Structure formats: structure tokens, C-alpha cells
Amino acid sequence: MNIVFCGSKVNLRRLEFTLTTQCNSQCIHCQAEASPLRKDVMNVKNAHNYLMEATAVSNLESFMVFGGEPMLYPERAIAILEKAKQLGIPKIEMITNGFWGGDKERARRLAERLKVAGLNEVNVSVDVFHVQHIPVECPWNAAVSLLNAGIDNVKWNVAIVESMDAENKYDKRTRQILEKLEPTGIPINFVKIIPAGCAVENLYEFFEHEPLHGPCIGDPILGNPLKNPESICIEPSGEVDVCWHLSIGNVKKTSLSRIIREYDWHKSPVIKILVEDGPLGLLNLVEANDFEFQESCFINKCHMCMEIRKISAFRSCV
Ligand code: SF4
Ligand code: SF4
């Protein structure tokens, strides 16, 4: 049973942590804009507090650690997973690029520790973009080590540009990589790349343009509704997001339980506009002189929403 507070519009079922914005890789499609140059990392004490507060006000069904690359900080990742297990969260997930499979013996040891810590679902990223930075043997060894450690739910996390039948150079190369991985028997989770982060600049020509009018219908990956979010993601900065960098508070300023309890989409000018009018309405919050709106530049509503929310003229207005 989920606990729903009087007046609360958050019915939390899922919690995600961006453990770090840092990554050993710098994929051209990275929607999180992670890179070796970014250094933000969540500390374990804070992470434990967030987990305890979230579980105190909700019955979480799932928890996920991702990044950046969470296994750049294996000790922190393991300590956080252990807490999630101790708090009784049933589904404990991670997305990793598997770089840590480069050394088979170390991969075996890490996988066993991850299993003991409570990890029970792992998406190992591998596709044309990742292999430019990480040899395919690394995710292969990492995924096999996880399976051998007893984590049954391991999948390849595969980013596709158009579709698995498409003839563009990226999807074609990804098909070849997947053929190479076939002997592992590991199932594949295809994820269509959305126009966010580095993907916008590097893959712009591959995105189909969609209408920009209409209200927000929930985030492009989880479909998280803004009126009653069921999932939040906490960044190392403390921002609590209900969609792509769409914050409803900062846990370094306000307790997570209070953010959850007091969330009301009517009270946030930005979220109210997104729910009622959609991202086009955000233009009313930007000084006309500071932003030249060119409809044709935007791929879809979410692309436009993220771009408008990035501009400093917008931030100073809200
Ligand atoms: S491995 Fe993942 S997080 Fe790292 S740069 Fe590539 S897509 Fe981004
Ligand atoms: S329109 Fe904005 S808030 Fe709504 S799903 Fe897209 S990015 Fe998220």
C-alpha cells in the first residue's frame, strides 16, 4: 500500500540517484552529458539519508543508481545499494557501461559484492556509441560476471537512433555488435535516443520533427506524470527532478520528505504551465529580448522544453 499524504501530489514508487555526472566515456549520444571532466558525486551519508526519508514516506517499488558511470565509485555504489536492500526496496537496479569488466578477476569480485549488496537488475550499456570508448570485451565480461554472481536480471542496454532495421551508419554498426554478443544469450533492452544532451547536437539530422503544441504528457522515458509524479531522480547537487532537470526542490535546502509531502504542481509556475499549456507556454516566462524563438529548430516538445529551461533569462524569471 502506498502512503498518500493529505494534500500530497507525489505518490512515490520509484527513486533514482545520479550517483555521479562523471563518466570514463564521452559518448556522442549521451543524453546526460556525462564526461570525464565532470566530477559531481553524491556522498554516501547523503544518499543513505535520502533513501531513509523516501522509504519513510512511501512504499518504494524500485530504486536505481546510474550516472554518468556509477562504477567509477564502486565503494559508494555498494554502500548505497546495501542501504536500499536493508530498507526492503524490492527492485534494486543499476545502469553501467561495464568498463570495469576489463580485468576479469576484479569484475568477478565486484559482481559478487554487488549481488550481496542487493543489486538484482542491471542494464549494461553497449552499442555503437559505447564501443568507441569501451572495448566490447569489457561490458561482455562485466555482464557475464554479474550473471555468474547470481544476478539473473542482466540486460544489454542498447541505444538506437532510428530502429534496429534502419540503414543509418549507427544502427547498422550496433546490429553488428549485437550479433557478436549473441552467444552470451543476454536479452536486449532497446532504448530510442531522445533529443537531449549531446544527442541533439551530434544526431540532430536523425530525429523526426514532431508538433510543438500541447501540454506535457510525462517524461519521455518513464512517462512520469507531472501532476502526480511516481518517480524522482536526485542529482549530486541535491536537485530533486521529476523530469529532465525539472526540479521540485533541493534536498540540501529542504528535507526530501518535506519536498515530497508539499509538492503541488499548481504551486510551481513552470510545472503549472507545462501541465496546462505545454512547453510553448514557457515562452511567456522569458523576456522576448533574451530569446529568439525559432519553431523549426526544435525537434519536439521535450527538446523545446529543455532548451527553454536552460537559458539564463528563463531561470531569472522563475
Ligand atoms: S557511458 Fe553512458 S553516461 Fe557515460 S558518456 Fe556514455 S552514455 Fe553517457
Ligand atoms: S515537456 Fe518538458 S517536462 Fe514534459 S516530459 Fe518533456 S521535457 Fe519533461
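Biologist: At about what angle to β5 does helix α6 run?

Modeller: This is a predicted model, in which local features need pLDDT of at least 70, side-chain atom pairs count only at pLDDT 80 or more, and totals for chains, interfaces and linings use all residues. Residues are numbered from 1 along each chain as its sequence is written, while chains are lettered from A and ligands numbered from 1 in the order in which they are written. Helices (H or I, at least four residues) and strands (E, at least two) are DSSP runs numbered from the N terminus, contact requires C-beta atoms, placed from the backbone, within 7 Å, and angles run from 0 to 180 degrees between N-to-C directions of axes fitted to C-alpha atoms, for helices over the stretch in contact. Helix α6 (residues 169–181) lies across β5 (153–160) and β6, and its angle to β5 is about 160 degrees.

Biologist: Which strands stand at the edges of the sheet?

Modeller: Strands pair if DSSP finds at least two bridges between them. The open sheet has nine strands in the order β6-β5-β4-β3-β2-β1-β7-β8-β9, with mixed pairing. Each edge strand has a single partner, so one side of it is left without a neighbour in the sheet; these strands are β6 (188–192) and β9 (246–250).

Biologist: Why is α3 oblique to α5?

Modeller: Angles under 35 degrees count as roughly parallel, over 145 as roughly antiparallel, 65 to 115 as roughly perpendicular and the rest as oblique. The axes of α3 (residues 104–117) and α5 (residues 137–148) lie 8 Å apart. Helix α3 is oblique to α5 because the two pack at an angle of about 45 degrees.

Notes. Two residues are in contact if their C-beta atoms, placed from the backbone, lie within 7 Å.
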